[in-house]
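Here is a short briefing on one protein chain. Keep the structure open while you read, and find each residue as it comes up.

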Amino acid sequence: MIDIHPDQARTLAAIVTQGSFDAAASHLSVTASAVSQRIRALEVAVGRPVLRRTRPIELTESGQAVVRFARQLEMLSADLADELQPGNPHPDTRLTLVINSDSLHTWALAGLAAAAGTVQLEILREDQDYSLELLRSGAAAAAITATAKPAPGCTSRRLGVMRYLPVCTPAFAETWFDSGAAASAFAKAPVIIFDRKDDLQDRYLRRFSRKPLQPPRHYVPAAHEFGEAIRLGMGWGLLPEIELGDDLDQRTLQTLAAKSFVDVPLHWQQWRYGSAVLDGVAAAIQDAARVLR
């Protein structure tokens, strides 16, 4: 049986959070030598390296598991404090979550607000196709992700489906799609992309041509501004159906093709050994996700 001392695990977590051995030493109020000794002892106990001394420092798979253990220990300590001192607030309880911009912009914030009275939340914004890496590394306790298969040490629950519609202004459609949504039009019409990780528009374009289409692109990496760029006629793009509101009825926006959409399934993944606080946040998120399809 591997015996991991809590101080060693907390030290590794501090190195990851603070970014260096020296910063971790300052945070923990110990010497840099003590930090190095704890990491060496931890690696002896684990039997393999827990980090790579690069810039920035990178965790090995074993290190990621140890950091998850440290974070879970923090949450369990908060649960214990609640049991020993019921009714007393514990404002130091912190929880880091990974949520994609569209979910945060449209529906998830209501769930977070419902849980905010019991925990301090740090929200990391990351695309749903990339959020699991932060979960695996121990940087976050839970994530909204497009992946159903649980990450190591995690559980997975289905939230629902975000439906995206390809939309643009009527004036933009008249200029670029006067003959309809065809590959030749999509190859020339400017498109709005969130950032260079965003594959959603290209996923939609692959339906129209066997060869990759490379239309002019505008990158707008903020959820509100992304929608505004489309409404201002900068290009076409995929917007969540629940974000459109009265846009389609009032004809400020129109879809490019009837019954054309992209569905993105969303799942809530969290550490298997969490805490009452984490489970409470998960319940609030699931309740907010009822607006999804």
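A residue is called buried when its relative accessible area is under 20%, and exposed when that area is over 50%. Keep those cut-offs in mind, and remember that this is a predicted model. By that rule, strand β11 is mostly covered, with 8 of its 10 residues buried.

**The chain as a whole**

- The chain has 293 residues, and 46% of them count as buried.
- Its secondary structure comes to 12 helices and 11 strands.
- Along the principal axes, the C-alpha atoms fill a box of roughly 70 × 45 × 30 Å.
- The accessible surface is about 15,100 Å². Carbon and sulfur atoms make up 51% of that surface.
- Take the contacts in the chain with a separation of 6 or more: 74% of them join residues 24 or more positions apart.
- The chain carries 31 positive and 33 negative charges.

**Strand β11 and its partners**

- Strand β11 covers residues 262-271.
- Which strands pair with β11? Strand β5 (residues 142-145) is one partner, joined to β11 by 4 bridges. Strand β6 (residues 154-168) is another, with 10 bridges.
- Strands β5 and β11 run antiparallel. The pairing of β6 with β11 is antiparallel as well.
- Ala143 stands opposite Gln269 in β11, and Arg163 stands opposite Asp263 in β11.

**A bent helix**

- Helix α5 runs over residues 101-115.
- Where does α5 bend? The bend is at Ala108 and comes to about 70°.
- Ala108 is one of the buried residues of α5. Others in the buried set include Leu104, Trp107, Gly111 and Leu112.
- The buried set also includes Ser101 and Asp102 at one end of the numbering, and Ala115 at the other.

**An exposed alanine**

- Ala171 lies in helix α7, which covers residues 170-176.
- Is Ala171 buried or exposed? Its relative accessibility is 52%, so Ala171 counts as exposed.
- Ala171 and Gln254 are 83 residues apart along the chain. Their C-alpha atoms are separated by 9.8 Å.

**Backbone exceptions**

- Most residues other than glycine have a negative phi, and most peptide bonds are trans.
- Ser29 is not a glycine, yet its phi is positive, at about 60°. Look for Ser29 in the loop between α2 (21-28) and α3 (32-46). Ser29 counts as exposed because its relative accessibility is 68%.
- Lys259 is also a residue other than glycine with a positive phi, near 55°. Lys259 sits in the loop between β10 (254-255) and β11. Its relative accessible area is 82%, so Lys259 is exposed.
- Which residues does a cis peptide bond join? The bond links Arg55 and Pro56, and omega there is about -5°. Pro56 belongs to the loop between β1 (51-52) and β2 (58-59).

Notes
Residues are numbered from 1 along each chain as its sequence is written. This is a predicted model: local features need pLDDT of at least 70, side-chain atom pairs count only at pLDDT 80 or more; totals for chains, interfaces and linings use all residues. Side-chain values use heavy atoms; hydrogens and water are left out. Buried means under 20% relative accessible area, exposed over 50%, partly exposed in between (1.4 Å probe, protein chains only). Helices (H or I, at least four residues) and strands (E, at least two) are DSSP runs, numbered from the N terminus. Two strands pair if DSSP finds at least two bridges between them. The bend at a residue is the angle between axes fitted to the seven residues ending there and the seven starting there. Contact means heavy atoms within 4.5 Å. Accessible areas come from the Shrake-Rupley method with a 1.4 Å probe; for residues, only the protein chains shown count as cover. Lys and Arg count as positive and Asp and Glu as negative; His and the chain ends are not counted. The place of a charge is taken as NZ of Lys, CZ of Arg, CG of Asp or CD of Glu.
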